[in-house]
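Here are a few notes from my pass through this one. Have the viewer open as you read.

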Amino acid sequence: MKIVFATANRGKLREAAEILGPGFELLSPAELGIDGEVEETGATLKENSLIKARHIHALTDLACFADDTGLEVDALGGAPGIYSARYAGEGHDSEANMAKLLSELGRLGPDSGRRARFRTVVTLIVDGKEHFFDGTLEGRIAVERSGRGGFGYDPVFIPDAAELAAAGICDVPAGGPTLADLPEEAKNAISHRGKAVRAMAAFLLHLA
């Protein structure tokens, strides 16, 4: 099945292709000659995901999906949330975003807690109908970056032990690995986006 993922993020494209598998021909907007990104004016992850999916569907009339993902840190009142990609300012600079996050938590002190979660909402448009799929990954924010894999906030996010166990990872160091420390296959097995995209793939296979 041919389907467009409404993103310019290569990390997201690679991750989605791994999860969807060979039954899907995953296309990016760039491959279809579509440049630029639509402005995300929604107040929620679902609204922003829907805005991006509708934009690509209007331009291509192909089955497409979009995601919006937010990192929610309890000690920061749920921030950065829908502003995760531009937490340190416009430009989607992951290093600057992580630096700001660690700095903000550092200012709160060691007793503030570092509980956090990733949330993803995927909007799928197929046969003119809109469908939504959610995924959540619980964990905490590390004190410093670790790992060379992944993208975005992955080097500072440590999944809960229960989440890691779901991927068959039980023997972990006391500090726990970050998402960036995990092999791609293990990360995809537990990731927020992985959960949402797998739910979408199961839905599409059922339609077929």
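1. Is Asp-68 buried or exposed? Bear in mind that this is a predicted model. Asp-68 comes out at 5% relative accessibility, so it counts as buried, the cut-off for that being under 20%.

2. On the model, Asp-68 belongs to strand 3, which runs over residues 64–73.

3. Now the surroundings of Asp-68. Beyond its neighbours within four places in sequence, Asp-68 touches a set of residues including Glu-40, Thr-44, Asn-48, Arg-119 and Thr-120. Lys-52 is also one of these contacts, and the side chains of Asp-68 and Lys-52 make a polar contact at 3.2 Å.

4. On to the rings: there are 3 aromatic pairs in the structure. Take Phe-5 and Phe-65, whose ring centres are 4.3 Å apart with planes at 15°, so this pair is stacked. Phe-5 sits in strand 1 (residues 2–5) and Phe-65 in strand 3, so the pair links parts 60 residues apart in sequence. Phe-5 has 0% relative accessibility and so counts as buried; Phe-65, at 0% as well, also counts as buried.

5. Phe-118 and Phe-157 form a tilted pair, because their planes are at 45°, with centres 4.6 Å apart. Phe-118 is in strand 5 (residues 115–126) and Phe-157 in strand 7 (residues 157–159), so parts 39 residues apart in sequence are tied together. Both Phe-118 and Phe-157 are buried.

6. Lastly, two lysines over rings. Lys-46 lies over the face of Phe-132, 4.3 Å from the ring centre. Lys-100 has its charged end over the ring of Tyr-87, at 4.4 Å from the centre.

Technical notes:
Residues are numbered from 1 along each chain as its sequence is written. This is a predicted model: local features need pLDDT of at least 70, side-chain atom pairs count only at pLDDT 80 or more; totals for chains, interfaces and linings use all residues. Side-chain values use heavy atoms; hydrogens and water are left out. Helices (H or I, at least four residues) and strands (E, at least two) are DSSP runs, numbered from the N terminus. Buried means under 20% relative accessible area, exposed over 50%, partly exposed in between (1.4 Å probe, protein chains only). Contact means heavy atoms within 4.5 Å. A polar contact is a pair of N or O atoms within 3.5 Å; within protein, one must be able to donate a hydrogen and the other to accept it, and residues adjacent in sequence count only if both atoms are side-chain atoms. Rings of Phe, Tyr and Trp (its six-membered ring) pair if their centres lie within 6.5 Å; planes under 30 degrees apart count as stacked, over 60 as edge-to-face and the rest as tilted. A charge sits over a ring if NZ of Lys or CZ of Arg is within 6 Å of the ring centre and within 35 degrees of the ring normal.
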